[in-house]
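Subject: Structure handover

Hello,

Here is the structure for you to look through. Please open it first, then read my notes below.

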Amino acid sequence: MIAQRNPRKRGAPEQAAAPEAGSPVALPLPGFVADRAEVAARVERLLQYQFRDGALLEEALTHNSFADSGAKGGAAPFSYQRLEFVGDAALGLAFSNFFYLTNPDLGPGALSTLRAANISTEKLARVAVRHDLYPLLRRNCPRLDLLVGQFIESVKQEPEDDIGTAPYGGSVVKAPKVLADIVEAIAAAVYVDCKFDLEKLWKVTRWLFEPIITAETVDEQPVTTLHELCQKHGKAAKFKTWRNGGMTVVNVFVGGELVGIGSSEHQIIAKLNAARDALGKLGSGSKLQVLTTAADNGSKDGIGELRECKQKLNEQCIRKNWPKPFFKIEKEDGPAHERKFVCSVQIEIQNGISQTEKQNGISKMGTQNNIFVTIGDPMSRVKDAENSAAQKMLEVLLKL
């Protein structure tokens with residue numbers, strides 16, 4: 001059972017008059033469920049979990065603005081801050097365990113990306129909106145109500161599926177941290193109540209985060225999709241990162257023109273957010289012409305998409321009776337959460353070839369064996385780095 005939102009302002013009449021045309025529209029403020037027994041019952045029904053210590057849940061649903069003001073002149077209750085601290089760590093560990101066990105082939109960088117996508121402020125805030133948790137929170141802060149109300153209305157304008165599946169934002173309104181704090185505090189209340197049983201915590205709360213962002217879904221959108229879209233038009237997407245206070249801001253450039261902007265407390269999520277913004281503009285928006293203007297002369301038409309280049313190079317070597325291409329990791333650097341790989345590919349051409357290697361951007365190792373090497377662009381996955389090197393080799397072979 002989800003709590004119903006109260007669209008009326010405090011003190012407003014039951015039936016408000018419709019605003020005149022052209023007048024400002026007042027956003028509805030989130031409601032508040034005053035009956036705390038009903039609040040506890042709703043959360044327990046939501047989680048399918050009965051608390052041994054009901055005080056933990058009440059603490060998890062108390063904002064510091066209410067705690068500081070006291071309760072009816074009595075002793076001030078605890079706010080959720082201590083529980084939110086525990087919940088942040090517990091959910092991080094729970095998702096770490098989950099992805100470690102379900103993705104045995106992924107390295108630490110990819111695992112970090114998956115964890116960040118699932119427990120980011122943007123993702124958790126949408127969990128709170130989806131399950132209407134904010135009206136259950138005891139608070140005394142009209143400014144907070146306004147910010148949360150703006151975010152809720154903004155999320156409601158997004159495609160319905162985005163509330164659960166968009167881990168990187170998408171709303172023009174920044175997600176208020178209080179919404180993520182509520183989710184973390186409730187998770188911590190369960191964790192402490194079940195005697196710090198991490199497996200029990202995961203069983204109780206996992207479904208709240210569904211659909212969980214997996215290696216397959218995070219790969220498809222939006223960074224990889226953006227690169228593939230640009231590759232189809234012979235373009236390249238460039239990401240530029242800078243800091244603005246406590247936020248990371250990422251700009252996306254295609255053909256030297258700014259096509260997307262994203263921000264987040266996490267650099268990984270900011271990049272994903274920027275790519276998502278760029279896709280919306282390049283797909284059918286104001287920046288569509290960036291992909292179609294100043295296009296290359298068609299030399300890449302026989303190459304295909306980036307992800308197919310390694311396979312196409314292998315097929316060409318087979319057709320020409322050349323030895324199989326040899327791929328090698330030339331460079332690996334960057335922090336664990338944003339690892340970059342640079343790969344090379346070496347092929348041996350056994351028949352004659354014109355001496356135009358240097359002007360076409362390849363190096364030749366020995367004139368008798370006709371061994372050629374190309375080096376690809378930095379990529380976050382070895383597979384993509386190999387495809388980048390293969391793409392450059394295919395471009396050279398087409399020119400030759």
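Leaving aside neighbours within four places in sequence, which residues is L179 in contact with? They are L124, A125, A128, V129, Y134, V148 and F151. Keep in mind that this is a predicted model.

**The nonpolar cores**

L179 belongs to the largest nonpolar core, which has 57 residues. Together with L47 and F209, L179 has the most contacts inside this core. Several helices each supply at least two residues, among them helix 1 (36-47), helix 5 (108-119) and helix 7 (142-156). Helix 9 gives the most, with 12 residues. There is also a second, separate core of 22 residues. A116, C230, A237 and L279 are included in that one.

**Helix 4 against helix 9**

Helix 4 covers residues 81-102, and helix 9 covers residues 177-193. They pack at an angle of about 80 degrees. Their axes are 7 Å apart. Angles of 65 to 115 degrees count as roughly perpendicular, so that is the term for this pair. On the helix 4 side, the contact includes L83, V86 and L91. On the helix 9 side, it includes D181, A185 and Y191. The residues of this contact divide into 10 nonpolar, one polar and five charged.

**Helix 6**

Is helix 6 mostly covered or mostly open? It is mostly covered, with nine of its 10 residues buried. The buried ones include T121, E122, K123 and R126. L124, A125, V127, A128 and V129 are buried too. After helix 6 comes D132, which has a positive phi, near 55 degrees.

Best wishes

Terms used. Residues are numbered from 1 along each chain as its sequence is written. This is a predicted model: local features need pLDDT of at least 70, side-chain atom pairs count only at pLDDT 80 or more; totals for chains, interfaces and linings use all residues. Side-chain values use heavy atoms; hydrogens and water are left out. Axes are lines fitted to C-alpha atoms, for helices over the stretch in contact, and angles run from 0 to 180 degrees between N-to-C directions. Helices (H or I, at least four residues) and strands (E, at least two) are DSSP runs, numbered from the N terminus. Angles under 35 degrees count as roughly parallel, over 145 as roughly antiparallel, 65 to 115 as roughly perpendicular and the rest as oblique. Contact means heavy atoms within 4.5 Å. Ala, Val, Leu, Ile, Met, Phe, Trp, Tyr, Cys and Pro count as nonpolar, Asp, Glu, Lys and Arg as charged, and the others, Gly among them, as polar. A nonpolar core is a set of buried Ala, Val, Leu, Ile, Met, Phe, Trp, Tyr and Cys residues joined through side-chain atoms within 4.5 Å. Buried means under 20% relative accessible area, exposed over 50%, partly exposed in between (1.4 Å probe, protein chains only).
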